[in-house]
Protein chains: 2
Amino acid sequence: MEQRISLITLGVDDLTTARAFFESGLGWRRAAVESEEIAFYQCDSIALALFGRRDLAADAGLETPDEAEASKEAGGSPAFQAVTIAWNGRSEAEVDSTFAQAVAAGAQPVKPPQRVYWGGYSAYVRIPGSPHLLEIAFNPGFELDEAGRICLP
Amino acid sequence: MEQRISLITLGVDDLTTARAFFESGLGWRRAAVESEEIAFYQCDSIALALFGRRDLAADAGLETPDEAEASKEAGGSPAFQAVTIAWNGRSEAEVDSTFAQAVAAGAQPVKPPQRVYWGGYSAYVRIPGSPHLLEIAFNPGFELDEAGRICLP
């Protein structure tokens, strides 16, 4: 598994406010991805994404944050952290093999590799020793260059 | 504020286990930073760091995760997310001006710019519309190249 990260996705409560902070406040430029639900910012070799917290939990196949909180109080799964990091591969086959490598290395499978509504192929594992989710994905709309850097439109 | 991210820091419960996952499991190479408390991995233009969850909360000047949980149940501050993203500048003065810009753009000040125990200068703000912390820091041991990419030892 190449040593790199493709995306950091922050689950936010108010996307309009968070977008305004980065765009009007800090002067960052949003990538040309048409979506009302998610905003992407190219940050050199990676992308920062802002996405609704509930949408992010659902994307990982988890309960919503409120359900996760209730489950945690009842001694269930660790609270959803509302942040994911993603490693993107170049094909569905690479997602399959990388997911298998991560699970063999002790990561807990959270969502097995599968086609997803946004047109890609995605899996989630939990990083051992932590509550954090790692997405392993192929997104045909987001090119990777030779060094594996993500290139947003 | 240049459009980039310098570090993603995951707050972990068991650093030994998390390190073993990335290093033995995935074959990643740890940067040559001598520390038992934190591990850094160069990922092209950014660094991934693994750090104890309580240490990370303390670094941001927050309550520990358990205290944050209790405070949240009592209607207090949002739960600590155990992940921070950092934007590194080239000087203490750049940390001061970027912190001021972020606050003027609506970010809640969490820790004003100050000298910190690891030899750098650091501030934290909360990203509007979200529970997430953005660190704004100068680390004299971590060079930034001309494009602002972090270069670990």
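In what order do the strands of the open sheet in chain A stand?

Modeller: Residues are numbered from 1 along each chain as its sequence is written, and chains are lettered from A, and ligands numbered from 1, in the order in which they are written. The model is predicted: local features need pLDDT of at least 70 and side-chain atom pairs count only at pLDDT 80 or more, while totals for chains, interfaces and linings use all residues.

The open sheet of chain A has seven strands in the order β2-β3-β1-β4-β7-β6-β5, and its pairing is mixed. Strands (E, at least two residues) and helices (H or I, at least four) are DSSP runs numbered from the N terminus; two strands pair if DSSP finds at least two bridges between them. At the edges stand β2 (38-43) and β5 (108-115) of chain A, each with a single partner strand, so one side of each has no neighbour in the sheet. On average, and with direction ignored, neighbouring strands are turned by 20 degrees against each other.

β6(A) and β7(A) form a hairpin with six residues between them, and A:Gly129 in the turn has a positive phi of about 80 degrees.

A residue is buried if 20 or more other C-beta atoms, placed from the backbone, lie within 10 Å of its own, exposed if 12 or fewer do, and partly exposed in between. Six of the six residues of β7(A) are buried, so the strand is largely enclosed by the rest of the structure. A:Leu133, A:Glu135 and A:Ala137 point one way from β7(A), whereas A:Leu134, A:Ile136 and A:Phe138 point the other way.

In β4 (residues 83-88) of chain A lies A:Asn88, which counts as buried because it has 25 C-beta neighbours inside 10 Å. Leaving aside residues up to four places away in sequence, A:Asn88 touches several residues, including A:Ala137 and A:Phe138; contact requires C-beta atoms, placed from the backbone, within 7 Å. A:Asn88 and A:Arg149 are 61 residues apart in sequence, yet their C-alpha atoms are 9.3 Å apart.

Helices lie across the sheet. α4 (residues 92-104) of chain A lies across β4, β5, β6 and β7, at about 155 degrees to β7(A). Axes are lines fitted to C-alpha atoms, for helices over the stretch in contact, and angles run from 0 to 180 degrees between N-to-C directions.

The contact takes 42 residues from chain B and 42 residues from chain A. On the side of chain B that touches chain A, α1(B) gives the most, with five residues. Of the interface residues of chain B, 100% are also interface residues in chain A, so the copies meet through the same surface.

How values were computed. Contact = placed C-beta atoms within 7 Å.
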